Amino acid sequence: MNRNPAGSHQQYPGGGPGPYTALSRSATAGSSKVATALLLVSTIFIGLMAGLFLAFDVSVMPGLAAGDQHTYVTAMQAFNKAIDGNGLFGMVFVLALLTSAASAVIEFRKGRRGVAVWVGAAAVAYLIVLMITFSVNIPLNNELADAGDAAKMTDFSIVDKFKGTWVSTNIMRTLLCTVALTALSRALVLYGRATR
């Protein structure tokens, strides 16, 4: 009876690998595709969020500030209502964190520690963005919504809060998303080298 040398794969008719070897290779390839997809998706999602915040920084908020207070309130209420009811925005907003965190975990388990560190840094930066959003921007948005019809308002102190606090924290969100995007870009470079 012939025995295979230790560590060699079972050969079957036709010279192909055994079913277990083929299955292992298939699983490895599938795992690699998942890792690649998560890294790419997290980069795209965080890039989209960075672009959204930047658009408010450079056009929306300065444009509103140039108009009257009634227009400021009415427009911001409309913007917030549109974003809150947009499923695509909600998906990108949440999955940007989940995909980057999942990617960091997978890269760490695969032994690609350099990639994991950069993706993890991106996840932390974006987590801070979410913390700022839920602790500052959303409460201000809710306060603005509660103000009601701008035509009937007499107290426009909420506008001053937006021009000061909301605008400042949005700039912080833009910068943090840019940091996260930069970290993910570096992770993509290292990932490409590691899997080449």
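In the close-up views below, residues are sorted by class: Ala, Val, Leu, Ile, Met, Phe, Trp, Tyr, Cys and Pro count as nonpolar, Asp, Glu, Lys and Arg as charged, and the others, Gly among them, as polar. By these classes, the lining of the largest pocket in this predicted model has 9 nonpolar, 8 polar and 2 charged residues.

**View 1. The whole protein, as a setting for the close-ups.** The protein has 5 helices and 0 strands, and from the N terminus on its elements run α-α-α-α-α. Of its 196 residues, 33% count as buried, while the protein exposes about 11,300 Å², of which carbon and sulfur atoms supply 66%. Among the contacts between residues at least 6 apart in sequence, 76% join residues that are at least 24 apart.

**View 2. The largest pocket and the residues that line it.** The largest pocket has a volume of about 340 Å³. Of the 19 residues that line this pocket, the closest to its centre are Ile83, Asp84, Phe89, Thr133 and Asn141. Which elements give two or more residues to the lining? They are helix H1 (19-65), helix H2 (69-84), H3, H4 and H5, and the largest share, 5 residues, comes from H4. Rolling a probe the size of a water molecule over the atoms shows where empty space is left.

**View 3. Asn86, in the loop between H2 and H3.** Asn86 is found in the loop that lies between H2 and H3, and the side chain of Asn86 reaches the backbone nitrogen of Phe89 at 2.9 Å.

**View 4. Ser100, a buried residue of helix H3.** Ser100 has its place in helix H3, which covers residues 87-109. With a relative accessible area of 0%, Ser100 is buried. A polar atom of the side chain of Ser100 lies 2.9 Å from the backbone oxygen of Leu97. Which residues is Ser100 in contact with, once its neighbours within four places in sequence are left aside? They are Ser42, Ile46, Leu95, Val119 and Ala123.

**View 5. Thr99, also found in helix H3.** Thr99 is found in helix H3, and Thr99 is buried because its relative accessible area is 9%, where buried means under 20%. The backbone oxygen of Leu95 lies 2.6 Å from a polar atom of the side chain of Thr99. Leaving aside the neighbours within four places in sequence, Thr99 is in contact with Leu38, Val41, Ser42 and Phe45.

**View 6. Ala102, a partly exposed residue of helix H3.** Ala102 also has its place in helix H3, but here the relative accessible area is 30%, so that Ala102 is partly exposed. How many residues apart along the chain are Ala102 and Ser42? They are 60 residues apart along the chain, and their C-alpha atoms are separated by 9.3 Å.

**View 7. Thr154, in the loop between helix H4 and helix H5.** Thr154 has its place in the loop between helix H4 (113-146) and helix H5 (157-194). Thr154 is exposed because its relative accessible area is 78%, and exposed means over 50%. The C-alpha atoms of Thr154 and His70 are separated by 9.8 Å, although these two residues stand 84 residues apart along the chain.

Terms used. Residues are numbered from 1 along each chain as its sequence is written. This is a predicted model: local features need pLDDT of at least 70, side-chain atom pairs count only at pLDDT 80 or more; totals for chains, interfaces and linings use all residues. Side-chain values use heavy atoms; hydrogens and water are left out. Helices (H or I, at least four residues) and strands (E, at least two) are DSSP runs, numbered from the N terminus. Buried means under 20% relative accessible area, exposed over 50%, partly exposed in between (1.4 Å probe, protein chains only). A polar contact is a pair of N or O atoms within 3.5 Å; within protein, one must be able to donate a hydrogen and the other to accept it, and residues adjacent in sequence count only if both atoms are side-chain atoms. Contact means heavy atoms within 4.5 Å. On a 1 Å grid over the protein atoms alone, a cavity is a set of points where a 1.4 Å probe fits but cannot get out, and a pocket is an open set with protein on both sides within 12 Å along at least five of seven lines; lining residues have an atom within 4 Å of a point. Grid points are joined across faces, edges and corners, and a volume is the space filled by probe spheres set on the points. Accessible areas come from the Shrake-Rupley method with a 1.4 Å probe; for residues, only the protein chains shown count as cover.
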